[in-house]
Structures are given as C-alpha cells and as structure tokens.
Amino acid sequence: MSRTALRICPLCEATCGLTLTVEGTRVTGARGDRDDVFSKGFICPKGASFGAVDGDPDRLRAPLVRRDGELREATWTEAFDAVAAGLRPVVERHGPHALGVVLGNPNVHTMAGALYPPVLLGALRTHSLFTASTVDQMPKHVSSGLLFGDANAIPVPDLDHTDHLLLLGANPLESNGSLCTAPDFPGKLKALKARGGTLTVVDPRRTRTARLADRHLAIRPGTDALLLAAMARVLFEEDLVALGELTPHVEGLDELAAAVRDFTPEAVAPACDVDAGTIRVLARELAAAPTAAVYGRIGSCTVPYGTLASWLVDVLNILTGNLDRPGGALFPQAATDRTPRPAGPGRGFALGRWHSRVRRHPEAKGELPLSALAEEIDTATEEGEPIRALIVVAANPVLSAPDGDRLDKALGSLDFMVSVDPYLNETSRHADVVLPPPPPSQSPHHDFAFNTLAVRNQVRYTRPAVPLEPGRMAETEILARLTLAATGMHGADPSAVDDLVIGQTLGKAVREEHSPVHGRDPQELAAQLTGDNGPERRLDMMLRLGPYGDGFGARPDGLSLARLLDHPHGIDLGPLRPRLPQPLKTRSGRIELLPGPIADDLPRLREGLRQRPDGLVLVGRRHLRSNNSWMHNVPALTGGTNRCTLHLHPEDAERLGVRDGEPVRVKGAGGEVTAPAEVTDTVRRGVVSLPHGWGHDRPGTRLRHAVLDPGVNVNQLLDGSLLDPLSGNAVLNGVPVEVAPVTEKLMPVTSAKP
C-alpha cells in the first residue's frame, strides 16, 4: 500500500521540498511539494531521482572493520570498539594534532553533520582539520571575516527584487545556486528579465546561465579580481560612489580609493581580455541601476586571487549602496541563528593562528588547506608530528583534492583511519573502520547552514519519511558514538553528547543580558524542551533561543519545535531585511573596507596585470544531474550530457589536431589523464574544461555503476602547489595544461606560483 511523506531534498543547496511516494519502506517516487513555503513545488532532476539515490543497492548496510587486511562486516559494537582502540593510542602517544579530521560537502546537507562535528572538534582540540571548503568557498569566508568580522556573514543577492545582477563564475542553471540558497534559481533569473531587469554573466564558458543573460563576457580564467578592481576604480574616478544608508557603517573609503588606483580599465583589459570600454559600461550600469547585486561563486573562488575577488564582490555592492538593502545583497537571518547580540564592536576575525607543518600554510577559519593533507601525512619535519590517524566524515578527498595519487598512497600509510560514509569509495576503501549512515529517507532534516544563505527567511523540518531499517543506526547516533570513542568516553550513552551541548548552551544563554532567558534556571529550561530524541531537543532549543523563537515563554507567538511540527510545509518568515549594523563583529564595529591582509595581498594582484598565459588553461564544469563525486553511482544521474569529456574550442582543436569524440591526453603539473574530446564553441579559445568528481577506476571500491563509465580525475592534473595565499583555497581553475591527441608526446607542465 502506497503513502506519501514530506522530505526536504538534501542533494544540492536549493533545499527544495519534496513529496515522496513510499511503498512499504521503499521510496518509489518524488515530486515537488507545491505547498512548501520556500520551493513551492520546484524540483530538479536530482530531486526527482531521490528514490534511486536513497535505494542505491551499493549503499553499505552494516559497519566494516578491517581484519587480516580485509574489510569485513561487523556489528556496531565491534566497530566502535575498534574505533576507540585505534584512535585513542595515537592521541595519547603523539598528541591531538596527530589525529586529523576531514569533513566533506555532504555534512552540510544533514542534521547530523551540522550538530556533531563541532562537538567532536571541540573535544579533540586538533589543529589538523581539513574540509571541502578549501577546494570551494573558503575565499568567501575569509573575505567576509575580514570585511564584517564574521566568516559566516555572507550577503546573498536579493534575487526576487533586484533590477540588475552581475554574476561571475557561477552557473546556477546547472548548479541550482551555491552560497545562495534559492529553489528555482533559473526561474528567478527569468523573472528578473521578465520584469525588465538586466543579467550579466562573466564566465569563460557560454554556460546555460550565460545563454540566458543580456550580456556574456568570456573573461580569461582567473582574472575576475582584476575586472572587479577596475570597476571599483571607475566608480571612484567618475564620482559614482554612493554609500547611502551604509555611510555611518563604513570605514576605509579613502584608503580603498588609493588601493585600486592602478587598476584602470585600460590596465586590466589585456589581462582580462575584456575591452576597457565594456568595463566602464559595467561599472556605470551597476551604479545607475535602481537596485543591483554582484554575485560571485566557485569560478571566482578557486583561482589564484580568490579572496581578493570575493572581497571585491562585496566592495562593489558597498560602493553602490546595494549592500544591506532590498534588491541588493542582504544578510539572511536563520531561525536557528544565535540570539542577535546588540550592535557594537566585536572580536574581529584572525588568520594564521597556527600553520601547517610542512609548507607553513596559515589556518583560515580553523582549517588547513585540503591540498596539504597528503604532505601532512607522508612528510616528516622537525615541526611536530605528522598525521598518523584520520577521521573522515562524508568526504572523498582522493577525488576532490589535488594529486589524488599521492593522497591515495598517504592514506595507505596511516596507523588508523575511520570513515563515516554510505559507500566504499576511493577514500573510504583505506579505512580500518567504515560506519555507514542510513539513506536520507530514514533521517530527519533541517537545513542549519543553508538557511543562513537563503534568499528568503523561512524554517522547515521533516522527520524521517521511512522508519530506520533494522540493523541500521541513525547518523546522529553514529556521530555521537564516534565523538565518545575518539575522546576517551567510549561506552557512554550517546545521549550524553546532546545533554552536554544543551547544558552548555543554556548555561551560556542565561548569563547573556541580551538573551530572552537571561537570569533563568538552565535546568528548568532544559526540562521544557520537547522532541523524540536528543537531536530534536537540540533543534527545539536553538529555535526557541533564536531570533524568531518563543524564548521559552518570553514570546508566546514565537518558534518552537512543536509549532514547526504543526506546519509540515514550513513557516515563512518573510523577505530578507536590512540588518546592519547588528551582524558586524569587527573590532571597529563597522565594515572595514580595506583590511590589512587584503591590502598586503594587493601587490600580488598588481603583478597579475602583466601576466599573459601563452598556452591552454583548464577550468572545471558543473553538471545539472551531479553533485561532486557522490552521485555517479546512480544510473538516472549519469549519461546524456552528464559526461566526463574535455571541452575545447574548434580553433584550438584544429591547431592541435584533435577530433571530436577521439581521446586526448591532458597533462598538468600533477599528472596526466586521457579523456574524450568534445569540440564546442561554448568554451572560449585558449581554455579547456573537464568536470570534477570523476575518476572511479581505482580498485577496492563497491561502486558497480560508477566503474562502468569512470571518467577521469581532473584534480590529478594538479600538484597541490597552487593556492590562494589568504584562504588556502586550491587553485582549480585557470591552471596551465598541455593537450594533444593520444599519439603525440606531451611536454612537461610547470605550475607558476601566483
């Protein structure tokens, strides 16, 4: 007998509401939830394939423990016994930093990934933290931290109301958006045009998003910061700076004007390959629009000047008065955010509080570059112990980090490794223990991270659509038990983790004068929490203490878990609103337009004015039916246009003697791969493009569909030496490569330091 159940989709950042069709315990269909307060029925091919993702027969159903060199099924008790026995001796013998932690992209798509890793990291106190952020969006965190004092204060474009959108290095018609949570992003762009607005796309590829635009600029990869700096220069030169309501909240305007003086349109045009007159028009149109927003994503982050480009995106929003106003770029306010503190000076944001051992990379937001993981394992130095044990949660760095071959070997040398992953993939195959979470239908869902980036304030929660299968363990319990096993508390009740967090959070809240529960008894507050388990009690606490919460009775009409459960399609909290100066946590209490680390890095950007690549450079590519490496085992999400081919321009193909469909060799500083050529004028001359997440051809995995068409690992072309120095983010775009038919010999490729 079939039934329906609601579920928020966890397969990309759009977080659309789904209506699932369930036969017994199997999800047999998915459609958009028309009553969802946020997505209003929108669904993409990934969401429509929820049942296939959920029911993938290659998902692990029991823990695996390595015995006599082989991974074999074990009980949960045996698995956690092995975790405790493997991790604790490493920490006790070599210290906390010898235990590394790697967190992957799927963590932000689950409740467990949001609630428990922070507790684990707080207890371990290791400096050896690596996440997907440093192969993605870390430059945006760093620029926000320096500008606003908070690395997580990321303004998003007000897509529903803006008159003018300048979009760089993003392809939301394929990705559904990133660092901008917006169901039906394509529809919002079409609505922008329908109401007479203007869309400009800056991208070296003529993507689906670029084809929709009023203007597409095929910029030379990696030069976004130069283009944006020149636009800022024009605003100052032509007296177009208009801070408006931002004026009392901004400092450093004159210093900024002096800092961008050298970046005239004429100076940057040859490097960007964008006409100087066009650059001036872009700046003038941005200033003249009734409302406007500049939005940059992965193509502007994963380049040598990623932090500078991310900073300049917000600088342009500020200089035109479009930051923190409707139709511009605003700071969302999530329901589970901390109780807003009074506006005023904060602690600010610091970089480089510690460094990696081998190449002395500074930490950013508590993380070291994922590109440095292999060397931190396989290289001995006099500066501390190498990483000897690793906890990997929902990550596949063998494919997602540069030089996977080196990392592959390094993982095999570890004393111990535990992986939390539903698959035996290219990374988890090295683990001594694999802890598999259940399918998403068997897990609850609330978006903690993505609601802080949403284009409309709202709150939604869905309980599991399908009961937990016998023999499975909830992901929340897996991560709670992992925390206990790794921190010397193995065997304690996993509810102790939730009780500890609740006690600490309420204890702090009652001491804060701005809190709605100031002066109250934390034990009395804890007794009021509702929910069927520890994670729900924590969600209830966060909702009630948050900006829309009931304050444990202080605001009777406010949010709580009970109220949210009464609204299964979610609660709309209204459009984004101006919030300054409250979100600012800089030491000055104002937006610091020219922070010291940014000013110190600008000479490097000036050197970029003289750089002209004389060969081919590589950029990535996103597919609509894919999200990194973790969906290639689902037949419904592979094939068609979702293929691992090398895009290159017809003129480059002719010059190189490459024919469409034939194999070509691509060589970079980190290695060489062979892929089919796809000759297309959608990529500009001098640029080739490979998608990321592929390369499923390593032995020892259990990915029966992915290995049928494994593709190649684009990150194997990188040696990990190219990083954005401020954020530690890997340079994945605009890197030099050599391309030739398989019959020709390739010359060595060297990577120039940016």
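Three aromatic pairs are counted in this predicted model, where rings of Phe, Tyr and Trp (its six-membered ring) pair if their centres lie within 6.5 Å, planes under 30 degrees apart counting as stacked, over 60 as edge-to-face and the rest as tilted. The rings of Trp-76 and Phe-80 have planes at 25 degrees and centres 6.2 Å apart, so this pair is stacked. Local features need pLDDT of at least 70 and side-chain atom pairs count only at pLDDT 80 or more, while totals for chains, interfaces and linings use all residues. Residues are numbered from 1 along each chain as its sequence is written, and side-chain values use heavy atoms, with hydrogens and water left out.

Trp-76 and Phe-80 are four residues apart in helix H3 (residues 76-94), and are therefore separated by about one helical turn; helices are DSSP runs (H or I, at least four residues), numbered from the N terminus. An α-helix has 3.6 residues a turn, so residues three or four places apart point the same way. Trp-76 counts as buried at 13% relative accessibility, and Phe-80 counts as buried at 4%, where buried means under 20% relative accessible area (1.4 Å probe, protein chains only).

Rings also meet charges here: Arg-538 lies over the face of Tyr-116, 5.0 Å from the ring centre, and the charged end of Arg-544 sits over the ring of Phe-552, 4.4 Å from its centre. A charge sits over a ring if NZ of Lys or CZ of Arg is within 6 Å of the ring centre and within 35 degrees of the ring normal.

Helix H15 (residues 306-319) is largely enclosed by the rest of the structure, because 14 of its 14 residues are buried.

Notes:
Helix = DSSP H or I, 4+ residues; strand = E, 2+ residues; numbered from the N terminus. Buried < 20%, exposed > 50% of the residue type's maximum accessible area, 1.4 Å probe, protein only.
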